[in-house]
Amino acid sequence: MKTSRIVLAAVTYLISLPAIAQVKHFTISGSLKNMAAMPAKIYLNYDPVVKKPTDSAMVINGKYTFKGSVDVSVPALMTLVAAEPKEIDSKNQYTLMLDNGTISLLSDQNLGNTTATGTGTLANTEFHKITSFALTESAAINKIFQSEAYKTNDSLKKSVQKRSSALLGNALVNMITYIRKNPESPVSPYLTYSLFSTGFLTPQMTDTLNQIVPASLRSSSVGIAINNIFTKKKEAQLEAAAKRKALDDMTLLGSKAKDFTQNDVADKPVSLSSFKGKYVLIDFWASWCAPCRAENPAVLKAFNAYKDKNFTVLGVSLDSQKGRQAWLDAIKKDGLTWTQVSDLKGFENEAAVLYGVEAIPQNFLIDPNGVIVAKNLRGEELQKKLATLLK
């Protein structure tokens with residue numbers, strides 16, 4: 001259930017655009033019918049970026065009215081709710097993307113079942129077309145999560161968990177597809193800017209969406225905003241690439257491996273140089289690192305195959321002092337029989353810093369002369385490399 005809530009929050013975030021000056025005036029006339037309990041008030045929550053406090057309107061004979069304005073140049077996002085609960089669900093809220101003009105809302109049984117008409121609903125209609133999949137799928141998943149069958153049916157659990165994991169990705173694909181097919185839509189520039197603001201897009205997709213922003217919007221406030229964040233992302237990509245190169249340059253193939261000394265599981269100092277004359281895989285990992293633990297069987301397989309052929313492994317853990325016992329337990333559970341060392345400083349591990357390690361798992365294969373001959377060998381790649389070296 002947590003996943004679907006996260007998806008709903010993410011979808012809402014994706015359509016939240018910082019305010020760019022241009023006043024939009026609106027009138028909302030709402031009607032409620034067939035309510036189990038008629039609310040006394042309806043609350044209008046503005047997106048935080050609009051920087052306006054929550055508004056409220058009295059419900060009189062099943063009707064309520066809001067009049068106001070927002071300083072944005074694109075359709076503004078807001079949510080109507082029938083109460084002020086700590087956690088709003090889909091039944092007592094309606095998300096509205098409004099533009100200039102009048103909007104009539106008719107809610108049947110609850111706010112979640114609302115239809116919108118009027119001169120200010122063009123963007124709202126498009127918005128609900130795009131987000132309907134995420135909302136419908138999320139509601140279906142939540143219903144299964146809460147069912148008795150979910151508690152006892154393992155097959156159902158796997159199925160719904162798979163659907164839940166795919167929900168955000170599918171929602172993003174729907175938004176991207178819409179933008180590419182409808183670049184002139186009043187919602188598309190809003191979604192483009194919002195997607196640019198997240199970390200979900202690949203650099204390639206960011207380039208693609210930037211290229212299809214209509215020329216007529218380039219000099220507008222939203223067009224300038226899109227360009228500004230696109231430029232910042234490009235600068236960040238260049239900085240990241242430069243940083244990666246600098247880290248890679250610290251451990252160039254053919255260069256001498258830097259020596260280091262750290263304590264093993266018995267608190268006895270062990271130096272990399274003590275393995276001179278052997279092929280050594282320096283394996284950076286940690287007990288809490290799921291990808292590292294998933295890779296351990298492959299390393300173990302290679303170790304067992306070549307440990308009698310002048311090959312060994314030196315494990316370097318990025319666990320912290322508090323995680324010492326977890327480190328020891330992981331070594332035992334995963335059956336890692338080679339030498340393990342750590343200074344228990346986490347990512348500040350001095351060997352990791354020396355080798356430019358900022359993500360794990362990472363490994364470096366050192367030859368008998370202390371020269372780096374390979375990096376980041378995964379799965380069968382490690383055994384294949386060793387097979388060519390240790391014939």
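**Starting point.** I'm working with a predicted model.

Five strands make an open sheet, running 13-12-11-14-15, with mixed pairing. Strand 13 (339-341) and strand 15 (372-375) sit at the edges; each has a single partner strand, so one side of each has no neighbour in the sheet. From one strand to the next, the twist averages 20 degrees.

Then I picked out one pair. Strand 11 (residues 279-285) runs parallel to strand 12 (residues 311-317), and the two pair over 7 bridges. Across from Trp 285 I found Ser 317 in strand 12.

**Salt bridges.** How many salt bridges does the structure hold? I noted 10, and I went through three of them.

Within helix 2 (residues 122-145), Glu 126 and Lys 129 lie 3 residues apart, about one turn of the helix. Their side chains meet in a salt bridge at 3.4 Å, N to O. Are the two partners buried or exposed? Glu 126 has a relative accessible area of 15%, so I put it down as buried. Lys 129 comes out at 55%, so it goes down as exposed.

Helix 7 (residues 221-249) has Lys 245 and Asp 249, 4 residues apart, again about one turn. Their salt bridge spans 3.0 Å, N to O. Asp 249 is partly exposed, at 39% relative accessibility.

Last, I checked Arg 324 and Asp 267, whose closest N and O atoms are 3.9 Å apart in a salt bridge. This one links distant parts of the chain: Arg 324 belongs to helix 9 (residues 324-334), while Asp 267 is in the loop between strand 9 (261-263) and strand 10 (269-271), 57 residues apart. Arg 324 is partly exposed at 23%, and Asp 267 is partly exposed at 47%.

Note on methods. Residues are numbered from 1 along each chain as its sequence is written. This is a predicted model: local features need pLDDT of at least 70, side-chain atom pairs count only at pLDDT 80 or more; totals for chains, interfaces and linings use all residues. Side-chain values use heavy atoms; hydrogens and water are left out. Two strands pair if DSSP finds at least two bridges between them. Axes are lines fitted to C-alpha atoms, for helices over the stretch in contact, and angles run from 0 to 180 degrees between N-to-C directions. A salt bridge is a side-chain nitrogen of Lys or Arg within 4 Å of a carboxyl oxygen of Asp or Glu. Buried means under 20% relative accessible area, exposed over 50%, partly exposed in between (1.4 Å probe, protein chains only).
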